[in-house]
Amino acid sequence: MNLPNRLTMFRIILVPVMVMFLLVPGIPCGEYGGLIVFAIASVTDFFDGFLARKYNLITNFGKFTDPLADKLLVCSAMICFVGTGKMPAWVALILIAREFIISGIRLLAAEQGKVIAANLWGKVKTFVQMVMILWMFLPVSHPVYQGILWGFMIVSVLLTLISLVIYIWDNKEVFQEEEALKKNQNAITDQNAITNEHAATKENFITEEALVKTLTKKHATITTAESCTGGLLCASLVNISGASAVLKKGFITYANEAKEKELGVSSDTLERFGAVSRECAMEMAKGAAQRAEADLAISTTGIAGPEGGTREKPVGLVYIGIYYLGDVFAKECHFQGDRMEVRSQTVQKALVLANETLMNSRS
C-alpha cells in the first residue's frame with residue numbers, strides 16, 4: 001500500500017474518532033476535539049490526491065477508497081450534527097442525496113467510456129459546505145453565530161440544488177446511451193477489446209505515408225498528443241514529404257502537469273483514473289484537437305518499461321486515443337518487448353487506428 005492510500009485509510013480511521021468526540025457525552029472539549037480531527041482528515045484529503053497525481057501513484061484501490069473516505073467524513077459529520085440538533089434533518093438529506101445522485105451519474109458515464117469532471121458550481125458548493133461544517137463544530141450559542149450558521153446552510157442547500165441541476169443538464173447525454181452509441185458506432189469498433197500486439201503483420205500494418213495520403217484525400221488535418229511515445233508518432237509523420245499540408249502540430253506531455261496545462265486533462269481524471277487510462281487518452285486527444293484546431297488527433301499514454309508497471313497496469317499497457325470531428329474513443333493495447341519496441345508498436349498501432357477512423361468516416 002503506497003503513501004496516498006495510507007493517508008486515505010488514515011482518513012477513514014479518523015471518522016469514528018470524530019464521531020466519538022461529537023456524540024459521546026462527558027468528553028472534555030468534545031466539539032473542539034472533533035474540529036481538530038475533521039481538520040486533520042481534510043488535510044489528508046488534499047495530500048493523498050496531490051501525491052498520487054504528482055508521483056503517478058494512482059491505483060484502483062485509491063480510486064475506490066478516496067471518494068468513499070470523503071463521503072464518510074462529510075456525511076458522518078452532518079449526521080452527527082443532526083443528532084445534536086445543530087443541523088435540520090432536511091438540510092442533511094438534500095446535501096447527502098446530491099452526493100449519491102452525482103455518484104450514480106458518474107457510474108453511468110464510466111460505463112460509456114466518458115469522464116465527468118467537477119463543475120465550478122460543484123467546487124464552490126464543496127468549499128461553502130466545508131466552511132459550514134467547520135463552523136458547526138464551534139460550541140457557540142450566540143444569536144449572531146446561529147444567524148451565520150443558518151446563512152451557511154441556506155447557501156449550501158441552494159448551491160447543492162443549482163450544481164445538481166447544472167450537472168444533470170450538462171451531462172444529459174449520459175441518459176441517452178443508445179443514441180450516443182449509435183452516433184459513434186462508425187468510429188468506435190471493438191473499443192473495450194484488449195489487443196496483444198507482438199509484431200506488425202499485413203492486417204495491422206500501415207505506413208505513415210499512407211496515413212498522410214488519406215488525410216490529404218479527406219482534406220483533414222491532424223495533431224498528436226504523446227506521453228509514452230515522446231514525439232515518435234509526430235516524427236514519423238514529419239518524415240513524409242508534404243506532411244506540412246495536414247500536420248498542425250505535436251504535443252509532448254510526459255508529466256501530469258503538462259497534460260493538464262497543455263491539453264486540458266482534468267485533475268479529477270488524473271486522480272481517479274491515472275495518466276495511463278482510457279479516460280486520460282480520450283481527454284488528451286480531444287484537448288489536442290481543440291488547441292491545434294485539427295480535425296483528427298491521436299494521443300498515446302502508457303507504460304513502456306522496464307519499470308513503472310503494477311499488477312493493475314503492467315509494463316506494455318498503452319492507451320491510444322483517437323478524436324475525429326467531435327467523436328472520441330480510446331483503444332487499450334498490450335505490447336511486448338523492450339522500451340523502444342513498446343513505443344514503436346504503439347506508433348504503428350496509432351497509425352492504423354487513425355487511418356481506420358478516417359476510412360470508416362463518411363466525412
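How many helices and how many strands does the chain have? The chain has 13 helices and six strands. The model is predicted. Of its 363 residues, 49% count as buried. Among the contacts with a separation of 6 or more, 73% join residues 24 or more positions apart.

**Helix H5 against helix H6**

- Helix H5 spans residues 120-136 and helix H6 spans residues 143-170.
- The two pack at an angle of about 155°, and their axes are 9 Å apart.
- H5 and H6 are therefore roughly antiparallel to each other.
- Their crossing is left-handed.
- H5 contributes Trp121, Gly122, Val124, Lys125, Val128, Gln129, Val131, Met132, Trp135 and Met136 to the contact.
- From H6, the contact residues include Tyr145, Ile148, Leu149, Phe152, Met153 and Val155. Also among them are Ser156, Leu159, Thr160, Ile162, Ser163 and Ile166.
- By class, the contact of H5 with H6 has 16 nonpolar residues, five polar residues and one charged residue.

**Helix H2 against helix H5**

- H5 also packs with H2; the axes of H2 and H5 come within 9 Å and cross at roughly 155°.
- That angle makes H2 roughly antiparallel to H5, because angles over 145 degrees count as such.
- H2 passes H5 in a left-handed crossing.
- Leu35, Phe38 and Ser42 are the H2 residues in this contact. They meet Met130, Ile133 and Leu134 of H5.
- The contact of H2 with H5 has five nonpolar residues, one polar residue and no charged residues.

**Helix H8 against helix H13**

- Helix H8 covers residues 208-218, and helix H13 covers residues 339-360.
- Their axes come within 10 Å and cross at roughly 25°.
- H8 is therefore roughly parallel to H13, since the angle falls under 35 degrees.
- The crossing of H8 and H13 is left-handed.
- On the H8 side, the contact uses Glu208, Ala210, Leu211, Thr214, Leu215 and Lys218. These residues meet Leu351, Ala354, Asn355, Leu358 and Met359 in H13.
- Seven residues of the contact of H8 with H13 are nonpolar, two are polar and two are charged.

**Helix H10 and its buried face**

- Which residues of helix H10 (residues 256-263) are buried? They are Asn256, Lys259 and Leu263.
- Seen down the axis of H10, the buried residues fall within an arc of 75°, so they line one face of the helix.
- Helices among the elements that cover these residues are H2 (30-54), H11 (267-272) and H12 (278-292).
- The cover also includes strands S2 (222-226), S3 (247-252) and S4 (296-302).
- Gly264 follows H10 and has a positive phi, near 80°.

**Backbone features in loops**

- The peptide bond from Gly305 to Pro306 is cis, with omega near 0°.
- Pro306 sits in the loop between S4 and strand S5 (317-324).
- Cys29 is not a glycine, yet its phi is positive, at about 50°.
- Cys29 is placed in the loop between helix H1 (3-23) and H2.
- Is Cys29 buried or exposed? Cys29 is exposed, with a relative accessible area of 56%.
- His219, also not a glycine, has a positive phi of about 55°.
- The loop between H8 and S2 holds His219.
- His219 is exposed, with a relative accessible area of 72%.

- Ile105 is buried, with a relative accessible area of 4%.
- Ile101 is partly exposed, with a relative accessible area of 38%.
- Ile105 and Ile168 are 63 residues apart along the chain, and 8.0 Å separates their C-alpha atoms.
- Ile101 and Ile168 are 67 residues apart along the chain, and their C-alpha atoms are separated by 9.4 Å.

Note on methods: Residues are numbered from 1 along each chain as its sequence is written. This is a predicted model: local features need pLDDT of at least 70, side-chain atom pairs count only at pLDDT 80 or more; totals for chains, interfaces and linings use all residues. Side-chain values use heavy atoms; hydrogens and water are left out. Axes are lines fitted to C-alpha atoms, for helices over the stretch in contact, and angles run from 0 to 180 degrees between N-to-C directions. Helices (H or I, at least four residues) and strands (E, at least two) are DSSP runs, numbered from the N terminus. Angles under 35 degrees count as roughly parallel, over 145 as roughly antiparallel, 65 to 115 as roughly perpendicular and the rest as oblique. A crossing is left-handed if the near helix is turned anticlockwise from the far one by less than a right angle, and right-handed if clockwise. Contact means heavy atoms within 4.5 Å. Ala, Val, Leu, Ile, Met, Phe, Trp, Tyr, Cys and Pro count as nonpolar, Asp, Glu, Lys and Arg as charged, and the others, Gly among them, as polar. Buried means under 20% relative accessible area, exposed over 50%, partly exposed in between (1.4 Å probe, protein chains only). The arc is that of the directions from the helix axis to the C-beta atoms.
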